Amino acid sequence: MLTPATPTPAFQRGEKTADPLQMYLSDVYTVPASLAGVPGLSLPIGTHPDAPHLPVGAQLLAAPFDEAGLLHVGDALMKNVPA
């Protein structure tokens with residue numbers, strides 16, 4: 001399953017240090033996989049179209065104990081995502 005890794009694009013370095021809650025919420029989409037005990041892999045899949053064109057990530061999720069399949073799909077995805 002392919003899902004977003006974060007609810008927003010990456011933020012500038014130091015941009016959210018004054019707001020710890022926003023920093024905490026930036027990884028909220030990765031928590032369910034951990035709670036469900038399924039393997040997950042976050043990957044960069046491109047950049048946001050608006051300036052400053054920060055990275056956008058996606059998360060691959062696999063069936064329990066299918067780490068090999070997850071890594072195989074992740075590798076194939078990274079070979080086909082434009083740099």
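**Exercise 1. Find where Val28 lies, and work out whether Val28 is buried, partly exposed or exposed.**

Solution. Start with the place: Val28 sits in the loop between α1 (20-25) and α2 (31-36). Helices here are DSSP runs of H or I with at least four residues, strands are E runs of at least two, and both are numbered from the N terminus. Next, take the relative accessible area of Val28, which is 35%. Buried means under 20%, exposed over 50%, and partly exposed in between (1.4 Å probe, protein chains only). Val28 is therefore partly exposed.

A word on the model: it is predicted, so local features need pLDDT of at least 70 and side-chain atom pairs count only at pLDDT 80 or more, while totals for chains, interfaces and linings use all residues. Residues are numbered from 1 along each chain as its sequence is written, and side-chain values use heavy atoms, leaving out hydrogens and water.

**Exercise 2. Is Ser26 buried or exposed, and which residues does Ser26 touch?**

Solution. Ser26 is also found in the loop between α1 and α2. Its relative accessibility is 18%, so Ser26 counts as buried. Now look for contacts (heavy atoms within 4.5 Å). Not counting residues up to four places away in sequence, Ser26 touches Ala5, Thr6, Pro7 and Phe11.

**Exercise 3. Work out the strand order of the open sheet and say which strands stand at the edges.**

Solution. The sheet has three strands in the order β1-β3-β2, with antiparallel pairing. β1 and β2 (40-47) each have a single partner strand, so they stand at the edges, and one side of each has no neighbour in the sheet. Then check a pair: strands pair if DSSP finds at least two bridges between them, and β1 and β3 (residues 55-61) have three, in the antiparallel sense. Pro4, for one, has Ala58 in β3 as its bridge partner. Thr3 lies in β1 (residues 2-4) and is buried, at 18% relative accessible area. Leaving aside neighbours within four places in sequence, Thr3 is in contact with Ala58, Gln59 and Leu61.

**Exercise 4. Find the salt bridge and explain why its partners are about one helical turn apart.**

Solution. Search the whole structure and you get one salt bridge, meaning a side-chain nitrogen of Lys or Arg within 4 Å of a carboxyl oxygen of Asp or Glu. Lys79 and Asp75 form it, with their closest N and O atoms 3.0 Å apart. Both belong to helix α3 (residues 67-80), and because they are four residues apart there, about one helical turn separates them. Finally, Lys79 is exposed at 63% relative accessible area, whereas Asp75 is partly exposed at 39%.
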